[in-house]
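Colleague: I would like to learn how to read a model like this one. Where do we start?

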Amino acid sequence: MELFQIAAGLLTLAAVLAYINHHYLKMPTTIGLMTLSLALSLVVIVAGYWIPGLAEVARAWVAKTDFVAT
């Protein structure tokens, strides 16, 4: 994946989580996004037990991402 695709995906995910927080949870933005991100990561971990390849796909996607600021 290219940097643009990763940035677009993360931005879209943050927008969806912010929308869910604003309309349903009504928490402060920072707390709501962190809570929903934690919940989403736990869903991926739990889903990995039923879908064996999901954990490897998530690990590979994170491993391909370069988090070093240049």
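Modeller: Start with one residue and its accessibility. This is a predicted model. Asparagine 21 has 3% relative accessibility, so it counts as buried. The cut-off for that label is under 20%.

Colleague: Which element holds asparagine 21?

Modeller: Asparagine 21 is found in helix H1.

Colleague: And what does asparagine 21 touch, leaving out residues up to four places away in sequence?

Modeller: Read the contact list by where its members sit. Asparagine 21 touches Lys26, Met27, Pro28, Thr29, Gly32 and Leu36. Of these, Thr29, Gly32 and Leu36 are among the H2 residues that meet H1. Lys26 lies in the loop between H1 and H2.

Colleague: How far is asparagine 21 from isoleucine 31 in space?

Modeller: The distance is 9.3 Å, C-alpha to C-alpha, for a separation of 10 residues in sequence.

Colleague: Now the helix pairs. At what angle do H1 and H2 pack?

Modeller: Take the angle and the axis distance together. H1 covers residues 3-25 and H2 covers residues 29-50. They pack at about 115°, with their axes 9 Å apart. That makes H1 roughly perpendicular to H2. The crossing of H1 and H2 is right-handed.

Colleague: Which residues make up that contact between H1 and H2?

Modeller: List each side in turn. H1 brings Leu13, Ala14, Leu17, Ala18, Ile20, Asn21 and Leu25. H2 brings Thr29, Gly32, Leu33, Leu36, Ser37 and Leu40. Then sort them by class. The contact has 9 nonpolar residues, 4 polar and no charged ones.

Colleague: How do H2 and H3 cross?

Modeller: H3 spans residues 52-64. The axes of H2 and H3 come within 4 Å and cross at roughly 135°. That makes H2 oblique to H3.

Colleague: Which residues meet there, between H2 and H3?

Modeller: From H2, Val44, Ala47, Gly48 and Trp50. From H3, Pro52, Leu54 and Ala58. By class, this contact has 6 nonpolar residues, 1 polar and no charged ones.

Colleague: Step back to the chain. How many helices and strands does the secondary structure have?

Modeller: It has 3 helices and 0 strands. From the N terminus on, the order is α-α-α. Next, compare the radius of gyration with the globule rule. The chain has a radius of gyration of 14 Å, well over the 11 Å that the rule gives for 70 residues, so the chain is more spread out than a compact globule.

Colleague: What does the C-alpha trace span along its principal axes?

Modeller: About 35 × 35 × 15 Å. Of the 70 residues, 11% count as buried. Asparagine 21, at 3% relative accessibility, counts as buried.

Colleague: Which exposed residues could I look at for contrast?

Modeller: Glutamate 2 sits in the segment before H1. At 57% relative accessibility, glutamate 2 counts as exposed. Threonine 30 lies in helix H2. At 64% relative accessibility, threonine 30 counts as exposed too.

Technical notes
Residues numbered from 1 in each chain as written. Predicted model: local features only at pLDDT ≥ 70, side-chain atom pairs only at ≥ 80, totals over all residues. Heavy atoms only, no water. Axes fitted to C-alpha atoms, helices over the stretch in contact; angles between N-to-C directions. Helix = DSSP H or I, 4+ residues; strand = E, 2+ residues; numbered from the N terminus. Parallel < 35°, antiparallel > 145°, perpendicular 65-115°, else oblique. Left-handed = near helix turned anticlockwise from the far one by under 90°. Contact = heavy atoms within 4.5 Å. Nonpolar A, V, L, I, M, F, W, Y, C, P; charged D, E, K, R; others polar. Rg over C-alpha atoms; globule rule 2.2 N^0.38 Å. Buried < 20%, exposed > 50% of the residue type's maximum accessible area, 1.4 Å probe, protein only.
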